[in-house]
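Please look over the structure shown below before reading on. The report that follows takes up its aromatic rings, its charged pairs and a patch on its surface.

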Amino acid sequence: MYNIMGEGIIPKRIKVANQARCIGCYSCMLACARTYYDTVSLKNSAIDIQTKGGIEEGFVSIVCHACIDPPCSRACPTGALTVRKGGGVVLHKDLCEGCSYCVDACLIGAIHMDAYGKAVVCKHCGVCASYCPRDVLELRKVGENGEEIMDIN
Amino acid sequence: MSDTVINSTSNVVYIDLTNETSKLVQRPDMFDRYIGGTGVATQLLDEGFREDKDALDPEAPIVLSIGPFSGIYPCCTKAVAMFRSPLNGELGESYAGGRIATAMRFAGYDSIVITGKAKRPVYLSLHDGNITFKDATSIWGLSSTVDVGKILRDAEPHPGRRSIIRIGPAGEKGVKYANVNVDTYRHFGRLGLGAVFGSKNLKAIVLSGDEELQIADKKDYNKQYKQLYYKVVNTDLMEKYHDLGTTVNVNVLNEINALPTRNFQQTYFECAENISGENLGDNYLIRKLSCAGCPIGCIHIAMLKKLFSNSHDVEVSDIPYDYELVYALGTNLGLTEPEDVLELIDSCERQGVDIISMGVVLAWATEMSMKEKISTDETMGVTLKWGDLNNFLHAVDLITKSPNEFYSALAEGVAVASEKYGGQDFAMQLGRLEIPGYHTGLGNVVGLTTGVRHSHHDNAGYSADQKAFKSGLSDEEIIDQLIAEDDVRGVLNSLVICLFARKVYTPDAIVDALKPLGIEKSEEELDRIGTEIFMKKYELKQKFGFDLDNVKLPKRFFETVSTNGIIDKERVENALEIYKNKRGF
Ligand code: SF4
Ligand code: SF4
Ligand code: SF4
């Protein structure tokens, strides 16, 4: 169901497609954290829903932009973040030493550290999108260089 | 494991405002016995009960509780508040959504018990395990509840997933039906929690948490979550709340003669269409929001645009609306324009009052004034009449300020006001609580009279009436349904789910969803706990002085046609006897 990367498979990336539709339900965050951690939390989610200036002003979804030349990867001194096909990075948890240089390197704030000193970064798997009730988030097919591939059926 | 993992789901924190101290106690046995939420809160309120101490005594506790499902499963977004109500002197119970349940969950607090009285205005900041008492003198006296949230949002660290609950001018001044605003658009609305906050010099509570919770069987949990989630979003069980929201009821209830109009003199409002959910949804709705952890998005926000000069200067405000508000400040006051209803909602929101109570109080005062039972001496020049927005706006303001005896009486609720000034026959209260917007028949009257907090959410009498209307139920069958609902809801409110999701959380679904949390309870056991909680609440009500035999039934109920025709008083009295027999009272 989700985007498991392998040979010959078209890479995908998560995209905040319709920000203004967000109702602030956190279903995406709960889903991401639930999928990759053994606990229930909001903080272990790679996507973060924030209010800009309070709940009256609507929401912003902060999630990895799938950079083609990711500064977070370049900032990582241990090689824990390798460049991912289609944009973004792959985290090798065993190599992550918790220095949080990547956190500083990502301008949009898409990385944070978990309680165990490991980076939390998006895998572009699309679980969050499958739990978004308003189609704010979409999992899109991209080429190796991150260009979007249109589905022509 | 790291210390950021919550290691208990029975954490009760006791906060003493007088001495600025707090103490965390784990009470697993109590949570096992009463599940959580309202069951646990009832027990905690009972433990804090002191003979001869009234609702606004410093020692009177405020209890806030979540339950095992809070923040864990979809639509389990509410916290319950329990307290002694300053409005009717007995059991105070109220629910609010927004971000409060998630904030309590991830801060690791299952219940919060607040007693005492601060020396000067304070607000409480609860972040993860830390509790701080902070000076609130500079925000005491602010004219709008909404602004309090804006200021605290900037003043407090830990941005993001916080819940900010606060009172407005009405709570500070002790209006007996002052509410507590939760995250701007939700409220602990009914029965006057705001006045209890005010009496403790407690202006606000900022709650936030970023901990994580261990689940006994994570794999099964993920499965249960998924099933419940898709039941919520892919079936039509909750569609009505998502689409037009609760205001869909304006037209629905109007068509079946259930829509209280001009203080229940009619149950049909000729201008209903104009302030209906359809019109609001088509022409005023600008946004929907959700409580944290609910994919429905039932919070409907309208935009009110007001010109304030002849040169296109506009004032824009975002105003939440719901069925009960449109009834209380719209149909029941004879307001016909959506703009007028929205503006009156906005003014009540700023003051921080329960809008149902305010609407009923204004409706009674308007009828009194039109019948010339009160004069403009009492109203200080305000001429109350149906459909007249400006005078209602003045009255709302004056009720909070209470500059004379009349407005002070209005600030005590419609029961007290009508005892002083007359018009009890049309002072629309039951159990000394202003009633919600249904005149469906016997089930509603009996349900509100007998319900633990005299609310339509106790046992949904209006829904039994609608069934009776469609397919014919005997009075006894209606009573059976009320009793069953009252008990079931004791369980739902202990878990704590949002009642809009009650069709998703069927008994078998609840049993299955409890398992991965390490809680084994059969359907029969849950039934038994539901009844036990109900009985415990009634015991507490009696300690507070409630007596079912003394409830006054305003005459108006028996004069105005309902969905099921004119209700006969003797029939209601008879039904109350059946109810008492069945309950063993
Ligand atoms: S985490 Fe930030 S820097 Fe790294 S690839 Fe994503 S958006 Fe780019
Ligand atoms: S795409 Fe996957 S990893 Fe990224 S935020 Fe969504 S659920 Fe988390
Ligand atoms: S699931 Fe969708 S609507 Fe809900 S918070 Fe996430 S992005 Fe917003």
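How many aromatic pairs does a search of the whole structure find over all chains? The model is a predicted one, and in it the search finds 21 aromatic pairs over all chains.

## Aromatic pairs

One of these pairs is formed by Tyr131(A) and Tyr230(B), whose rings lie 5.6 Å apart from centre to centre with 40° between their planes, an arrangement that is described as tilted. This pair crosses between chains, since Tyr131(A) belongs to the loop between α4 (127–130) and β9 (137–141) of chain A, while Tyr230(B) belongs to helix α7 (residues 218–234) of chain B. With a relative accessibility of 5%, Tyr131(A) counts as buried because the limit for that word is under 20%, whereas Tyr230(B), at 23%, is partly exposed. Both residues also take part in a cluster that ring pairs hold together, and its other members are Phe69(B), Tyr73(B), Tyr221(B), Tyr225(B), Tyr229(B) and Tyr505(B).

A second tilted pair is made by Tyr323(B) and Tyr438(B), with 5.8 Å between the ring centres and 45° between the planes. Tyr323(B) is placed in helix α11 (residues 323–329) of chain B and Tyr438(B) in the loop between β19 (433–434) and α18 (442–450) of chain B, so this pair ties together parts that are 115 residues apart in sequence. Tyr323(B) is buried, at 2% relative accessibility, and Tyr438(B) is buried as well, with a relative accessible area of 5%.

## Salt bridges

Turning to charged side chains, the structure holds 43 salt bridges over all chains. In one of them, Glu47(B) is joined to Arg27(B), with the closest N and O atoms 2.7 Å apart. Glu47(B) lies in helix α2 (residues 37–47) of chain B and Arg27(B) in the loop between β3 (21–26) and α1 (28–34) of chain B, so the bridge ties together parts that are 20 residues apart in sequence. Glu47(B) is partly exposed, with a relative accessible area of 32%, and Arg27(B) is partly exposed too, at 21%.

Another salt bridge brings together the side chains of Glu93(B) and Arg453(B), at 3.9 Å from N to O. Because Glu93(B) is found in strand β6 (residues 91–96) of chain B and Arg453(B) in the loop between α18 and α19 (456–459) of chain B, the pair ties together parts that are 360 residues apart in sequence.

Is Lys580(B) buried or exposed? Lys580(B) is buried, with a relative accessible area of 11%, whereas Asp549(B), at 52% relative accessibility, counts as exposed.

## A negative surface patch

The residues Asp508(B), Glu523(B), Glu524(B), Glu525(B) and Asp527(B) form a negative surface patch. Which helix of chain B gives the most to the negative patch? Helix α23 (residues 523–543) gives the most, with four residues. Glu525(B) has its place in this helix α23 of chain B, and Glu525(B) is partly exposed, with a relative accessible area of 31%.

Definitions and conventions: Residues are numbered from 1 along each chain as its sequence is written. Chains are lettered from A and ligands numbered from 1 in the order in which they are written. This is a predicted model: local features need pLDDT of at least 70, side-chain atom pairs count only at pLDDT 80 or more; totals for chains, interfaces and linings use all residues. Side-chain values use heavy atoms; hydrogens and water are left out. Patches are made of residues with over 30% relative accessible area and no salt bridge: like charges are joined within 9 Å, nonpolar side chains (Val, Leu, Ile, Met, Phe, Trp, Tyr) within 5 Å. Accessible areas come from the Shrake-Rupley method with a 1.4 Å probe; for residues, only the protein chains shown count as cover. A salt bridge is a side-chain nitrogen of Lys or Arg within 4 Å of a carboxyl oxygen of Asp or Glu. Lys and Arg count as positive and Asp and Glu as negative; His and the chain ends are not counted. The place of a charge is taken as NZ of Lys, CZ of Arg, CG of Asp or CD of Glu. Helices (H or I, at least four residues) and strands (E, at least two) are DSSP runs, numbered from the N terminus. Buried means under 20% relative accessible area, exposed over 50%, partly exposed in between (1.4 Å probe, protein chains only). Rings of Phe, Tyr and Trp (its six-membered ring) pair if their centres lie within 6.5 Å; planes under 30 degrees apart count as stacked, over 60 as edge-to-face and the rest as tilted.
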